[in-house]
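Thanks for coming. Please have a look at the chain before I start talking.

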Amino acid sequence: MTVSGQRPASSSATLRALLAHDTITRAVGAGDGLQARLAERHGFDALWASGLAISAAHAVPDASILTMTEFLTAAQVIDRACELPVLADCDTGFGDVNNVARMVREYERAGIAGVCIEDKEFPKRNSFTDGQELASIAEFTARLLAAKDAQRAPEFVVVARVESLIAGEGIDDALARAACYQDAGADAILIHSKTADGEEVLDFARRWRKRSQPLPLIAVPTTYYSVGWPLLAQAGISMVIYANQALRAAVRAVDDTLERISAAENTAPVESDLASVQDVLALIGMDELHSATERLQALPTINAPADSAASAPSVVA
């Protein structure tokens, strides 16, 4: 999706334009290229290279276990699978200010549209588990300053993720942190919450919108899933991320399918619930590969001169 009908010069420019647009941007969390391509098929605007989904793909806890290189490699796979801009979940930045600076340089060099770092202590724990420890405002502000100083293209997006509501520190703390992060140069604020009704996120957004030139806001309605994106947009949210629904759907479907196959003599009981092999082949581009092969085979053959081998320069060992 582009907001003007003309493709921006980079995926970072696309993401930045989406965040600035009046219409809310809908992003989907992905852990691999297949999920990315399915998100593109169904008309979503952007992708979230999900730390949870990438960790789950490696079957390790979402707790700063994987290295930056492993996360970056996964983000590149997601990015190359489709045309949507990718905002990468980079946990706390993989360490101190020096790690954050290197992270930004590597992600930007790889062509990822932007990164998001959260204001928790390293190593982080998934926000839906106990034991959340926030970094000090000064510490996290230093990470943001390092990130913005490290980037080269002005379009590259750095998102500050505020975890005050997750850690039980309240909206006032969240607003104070977000204000400091804006001053440090963040390009957008991700406000995270695990309440069931989403009211504290809506309240935060309404109060944030009263600021002078407030940064775009991003929401992740994992627990407050009944709150629709129109209501979020009305409150002032610029992007909504459905961060883990594809992962959770895959876990449920694969687990159920394998359980049924294990209990049966054959795969007949599950075949009607499965995508066909042809659907999978089409999704991963086999049709385009065949078309390209046929086109190349139809090109006229260019014959080399008969004496080309004889006239080639000799190589002295």
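I will go through the sheet, then the pockets.

This is a predicted model, where local features need pLDDT of at least 70, side-chain atom pairs count only at pLDDT 80 or more, and totals for chains, interfaces and linings use all residues. Residues are numbered from 1 along each chain as its sequence is written, and side-chain values use heavy atoms, with hydrogens and water left out.

Eight strands form a closed barrel in the order 1-2-3-4-5-6-7-8, with parallel pairing. Helices (H or I, at least four residues) and strands (E, at least two) are DSSP runs numbered from the N terminus, and two strands pair if DSSP finds at least two bridges between them. As an example, strand 4 (residues 114-118) and strand 5 (residues 157-162) run parallel and are joined by five bridges. One of the bridge partners is Val-158 in strand 5, paired with Val-115.

Now the pockets. A pocket is an open set of points on a 1 Å grid over the protein atoms alone, where a 1.4 Å probe fits, with protein on both sides within 12 Å along at least five of seven lines; lining residues have an atom within 4 Å of a point.

Which residues lie nearest the centre of the largest pocket? They are Gln-35, Leu-38, Ala-246, Ala-249 and Ala-250, out of 13 lining residues. Helix 10 gives the most to this lining, with six residues. Helix 2 (33-41) and helix 10 (245-263) each supply at least two.

The second largest pocket is lined by residues including Leu-38, Arg-41, Asp-273 and Asp-279. Here helix 2, helix 10 and helix 12 (277-283) each supply at least two lining residues.
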